[in-house]
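Hi,

Here is the structure I promised to pass on. Have a look first, and my notes follow below.

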Amino acid sequence: MKKKIIVTGGLGFIGSNLIDLLIGKKYSVINLDKVSYSSNFYNLKEYKNNNNYKFIKCDLNSKKILSILIKHKPVCIFNLAAETHVDRSIDDAKNFINSNILGTFNLLEAFKVFSSKHISKLVHISTDEVYGDVLTGRSDENFSYKPSSPYAASKAASDHLVYSYIRTYKIPAVITNCSNNYGPKQHPEKLIPKLIYNIINNKELPIYGTGKNSREWLHVKDHCMALFKVFEKGKIGEFYNIGSNKNLNNIQITKAILKIAKNIIHIGNNVKIKYIADRPGHDLRYALNSNKIKKKLNWKPKIKFDNGLKETFLWYLNNKKYYSPLAKRDIVKRLGLKKWLQRELY
């Protein structure tokens, strides 16, 4: 019998790519997803009738989590269920508290009971945003948490909860903090798929502030391989940063995508950079020190950024049905501004 793994939030960007990897490695995967605006069944359409894949509609705040764990007896749970868009957290933080903090708490309560009787491991996936602005150098696993947005704060709180359960209840869990991911299947509210969508549809390219905000970019497939390494060899109770050491600012990203697009499609006249009002509390730079996972778990990113970005552009170009289930307002509406500042729209 194949070993079972549960992925929470599996209809989303990283979760669906992780499921691709796990099924390719001959695991049986149970996908728990509450089906929010960012969930997309298109991401896993090829597994609809696959015996090694099962979808269960489930909010982590549901009382049935424990019964699901007992029934399926997973050897690992990858917790990717989270509200993730910073702008949405600025407009309405409550959903982030419910999903990222209370949902994690409920999962921990269930896993505490389950793991006391069954051999299993929880891998809790978090973000580099918990460290806040890193203006110089790179943040390692010992850096203080200084989240700037309600989203980052909710993820920081979830990390603290997981670690507290490791210390107090001895649950077998590991926490990872990753840099910005890019690649196929990412909701177009995020920068790279937003720019690609707008280029394909002959729209302006909105860039916050001066466009100098810098992020570390990691291909989602490299991230998923790192998560698998953490499952296989990660030490219980440890934190692992997962990044590429490749920082680019938003203008550099935009110009790189435009360069790729010009060699593939005709660029419309409306496709121009448009600077818009900045996001409140916008961190200038995130940068991770990922030496620990490289040395301890023998992981390193393999996909070169230019190649990964071109592959990503082609995926969206060739998978236009991906957008069909998504509400257009979730793609084009500008979020994250006070009402009296909402003059600029995507």
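Which residue forms a salt bridge with Asp87? The partner is Arg279, with the closest N and O atoms 2.6 Å apart. (A salt bridge here is a side-chain nitrogen of Lys or Arg within 4 Å of a carboxyl oxygen of Asp or Glu.) The two come from distant parts of the chain: Asp87 sits in helix α3 (residues 86–91), Arg279 in the loop between β12 (273–276) and α9 (291–296), and they are 192 residues apart. Both Asp87 and Arg279 are buried, where buried means under 20% relative accessible area, exposed over 50%, and partly exposed in between (1.4 Å probe, protein chains only).

Before you read on: this is a predicted model, so local features need pLDDT of at least 70 and side-chain atom pairs count only at pLDDT 80 or more, while totals for chains, interfaces and linings use all residues. Residues are numbered from 1 along each chain as its sequence is written, and side-chain values use heavy atoms, with hydrogens and water left out.

The chain has eleven helices and twelve strands; these are DSSP runs numbered from the N terminus, helices being H or I of at least four residues and strands E of at least two. Of its 346 residues, 56% are buried.

Back to the salt bridges, of which the whole structure has ten. Another one pairs Arg88 with Glu189 at 3.0 Å, N to O. Arg88 is in helix α3 and Glu189 in the loop between β7 (180–182) and α6 (191–200), so this bridge ties together parts 101 residues apart in sequence. Arg88 counts as buried at 18% relative accessibility, and Glu189 is buried at 8%. Then there is Arg138 with Glu216, at 3.1 Å, N to O. Arg138 lies in the loop between β5 and α5, and Glu216 in strand β9 (residues 214–219), so parts 78 residues apart in sequence are tied together. Glu216 is buried, with a relative accessible area of 0%, whereas Arg138 is partly exposed at 24%.

Lys155 is buried yet has no salt bridge, and the nearest side chain of opposite charge, Asp159, is 5.4 Å away (Lys and Arg count as positive, Asp and Glu as negative; His and the chain ends are not counted). What lies 2.9 Å from a polar atom of the Lys155 side chain? That is the backbone oxygen of Ile125.

Happy to talk it over.

Cheers

Note on methods:
Polar contact = N/O pair within 3.5 Å; in protein donor to acceptor, adjacent residues only side chain to side chain.
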